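Subject: Structure handover

Hello,

Here is the structure for your files. My notes on what was found follow below it.

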Amino acid sequence: MNNNLKIPNHVAIIVDGNGRWAIEKGLNRSKGHEAGFINLQKLTVYMYSKGVKYISAYLFSTENFKRSEKEVNFLMNLLTGKLKEILDFCHHEKIHAFFSGRKDKLSNKVIEAMNKIEQETNKYKDRYFNICFNYGGHAEIVDATKKIVQDVENGKLDIDLLDENIYSKYLYRDLPPVDLMIRTSGEKRISNFLLWQCSYAEFYFVDTYFPDFKEKEFDLALEDYTKRDRRFGGIDYDKKSN
Ligand code: IPE
Ligand code: IPE
Ligand code: MG
């Protein structure tokens, strides 16, 4: 194992393959979602222990409403039922958690519980957990644009001052860029996740289903990330011979 690992500041993870994990074991897809949730808690603790500061986890996309009513309800109830557990977990691990996504299809009770988690944990300043639920990258950009237009109309924002830096302050959260984007389950696509924030992310695709993506699998992702040459459009002329 490489002892000089580079540690990404912001890791984004597309939690995928829960359903297939369960089906291959002869279980209902819902069992895969439950296993995924348990794994997510353990994995985040491990990632923070390695020095990662920001974790964004994709748990339900704006497109996931295309699934059966039964599965959508299960996923909604799973998160709702876990909100108290998430709050206790964040206090225990000293994590500032918050939610990204549209709130319009969520009940007031759920929104209140989400707000409580955000408010109670915002005193923690070392570890950040961005829980993306009913989240879509296009939706986030559209929602930001609407707020910008409102502020321009109200005279709060001078359109000539709008740049990438100010634009990002109108997103659900003004987060640092994603350094490492991980997708489990063998799919090699972004599925509308953090489109703005991933502009220079390193992508890591792995066949493992999410419930089996554990410490060892994350170590392998870090080793791979460490080998990447991140140039951000520039060139390190000292490294080139001509
Ligand atoms: C990820 O697992 C969780 C959500 C998208 C809600 P999936 O439910 O997509 O599992 P697969 O990809 O069908 O196996
Ligand atoms: C992406 O997974 C969304 C989440 C993990 C929440 P999906 O399983 O919904 O994505 P596709 O349909 O394979 O692109
Ligand atoms: Mg999937």
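Strands S1 (residues 10-14) and S2 (residues 54-61) run parallel and are joined by five bridges. Within this pair, alanine 12 is placed opposite serine 56 of S2. Strands here are DSSP runs of E with at least two residues, helices are runs of H or I with at least four, and both are numbered from the N terminus. Two strands count as paired if DSSP finds at least two bridges between them.

On conventions: this is a predicted model, in which local features need pLDDT of at least 70 and side-chain atom pairs count only at pLDDT 80 or more, while totals for chains, interfaces and linings use all residues. Residues are numbered from 1 along each chain as its sequence is written, chains are lettered from A and ligands numbered from 1 in the order in which they are written, and side-chain values use heavy atoms, with hydrogens and water left out.

The sheet

S1 and S2 belong to an open sheet of six strands with parallel pairing, in the order S3-S4-S2-S1-S5-S6. The edges are S3 (96-100) and S6 (202-205); each has a single partner strand, so one side of each lacks a neighbour in the sheet. On average, neighbouring strands are turned by 20° against each other, direction ignored.

The helices

Helix H2 (residues 29-49) lies across S1, S2, S4 (128-135) and S5 (180-183), at about 160° to S2. Axes are lines fitted to C-alpha atoms, for helices over the stretch in contact, and angles run from 0 to 180 degrees between N-to-C directions. Contact means heavy atoms within 4.5 Å.

The axes of H3 (residues 69-93) and H4 (residues 108-121) come within 10 Å and cross at roughly 5°. H3 is therefore roughly parallel to H4, a term used for angles under 35 degrees. Residues of H3 in this contact include Leu79, Leu83 and Cys90, and those of H4 include Val110, Met114 and Ile117.

The ligands

Ligand 1 is surrounded by 13 residues, the closest being Val15, Asp16, Arg20, Arg29 and Arg67; a residue is included if one of its heavy atoms lies within 4 Å. Polar contacts are pairs of N or O atoms within 3.5 Å. Taken alone, ligand 1 exposes 370 Å², of which the protein buries 88% (Shrake-Rupley areas, 1.4 Å probe).

The residues around ligand 2 include Asp16, Tyr58 and Arg183. Polar side-chain atoms of asparagine 64 and arginine 189 each lie 2.8 Å from an oxygen atom of ligand 2. Ligand 2 exposes 390 Å² taken alone, and the protein buries 78% of that.

Regards

Notes: Parallel < 35°, antiparallel > 145°, perpendicular 65-115°, else oblique. Polar contact = N/O pair within 3.5 Å; in protein donor to acceptor, adjacent residues only side chain to side chain.
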